[in-house]
Amino acid sequence: MENLEISNSVLDTKDAFWHSRNVTVYNSIIKGEYLGWFSEGLKLVDCKIIGTQPLCYCKNLKLENCTMEDTDLAFEYSEVDADIHSHILSVKNPKSGIIIADSIGEEIWEEPVMECNCQVVVRDGCTGGCQMQMRRVV
């Protein structure tokens, strides 16, 4: 799919948005495995993301004010700008950008770690304009 907007929806699918271009999803629940792999210009705003290995191998991925549930191995080799207001089970080898979350269970940096310029940040236990702590920059 290309040049699409979706809003106020519930998507229960195995692998939505694979190889999509310029898709924006607003105020929706997206449940599935391998969500958004190889997408370019995928933007999720005020969405709840549920499922394993989401948002890997993405270019120009943006998440604004989203939550994640049961999401492990997220963002592998992705160029990502993510603001997550929940816990992420695990983040694996993000390629570039910044991932901000309330908490992250595990950061996985497999050897050999590819060239990476990604910041992984965890909020310091408070809401609003709180100080954030840098967790990892490779």
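**View 1. Tyr57 counts as partly exposed, because its relative accessibility is 28%.** Partly exposed here is the range between buried, under 20% relative accessible area, and exposed, over 50%, with a 1.4 Å probe and protein chains only. Tyr57 sits in the loop that joins strand 6 to strand 7 (61-69), where strands are DSSP runs of E with at least two residues, numbered from the N terminus, and helices are runs of H or I with at least four residues. Although Tyr57 is not a glycine, its phi is positive, at about 60°. The model is predicted, so that local features need pLDDT of at least 70 and side-chain atom pairs count only at pLDDT 80 or more, while totals for chains, interfaces and linings use all residues. Residues are numbered from 1 along each chain as its sequence is written, and side-chain values use heavy atoms, with hydrogens and water left out.

**View 2. Asp46 lies in the loop between strand 5 (43-45) and strand 6 (48-50).** This residue has a positive phi of about 55° although it is not a glycine. Asp46 counts as partly exposed because its relative accessibility is 36%.

**View 3. Ser90 belongs to strand 9 (residues 87-92).** With a relative accessibility of 4%, Ser90 counts as buried. A polar atom of the Ser90 side chain lies 2.6 Å from the backbone nitrogen of Leu73. Apart from residues up to four places away in sequence, Ser90 touches Thr71, Asp72, Leu73, Ala74, Glu106 and Ile108, a contact being heavy atoms within 4.5 Å.

**View 4. Ile88 is also found in strand 9.** Ile88 counts as buried because its relative accessibility is 0%. When neighbours within four places in sequence are left aside, the residues in contact with Ile88 are Met68, Thr71, Ala74, Phe75, Ile99, Ala101, Ser103, Ile104 and Gly105. Between Ile88 and Thr67, which are 21 residues apart in sequence, the C-alpha to C-alpha distance is 8.6 Å.

**View 5. The protein chain as the setting for these sites has 13 strands and zero helices.** Of the 138 residues in the protein chain, 43% are buried. Among the contacts in the protein chain with a separation of 6 or more, 5% are between residues 24 or more positions apart. The accessible surface of the protein chain, computed by the Shrake-Rupley method with a 1.4 Å probe, comes to about 7,000 Å², and carbon and sulfur atoms account for 45% of that surface.

Technical notes: A polar contact is a pair of N or O atoms within 3.5 Å; within protein, one must be able to donate a hydrogen and the other to accept it, and residues adjacent in sequence count only if both atoms are side-chain atoms.
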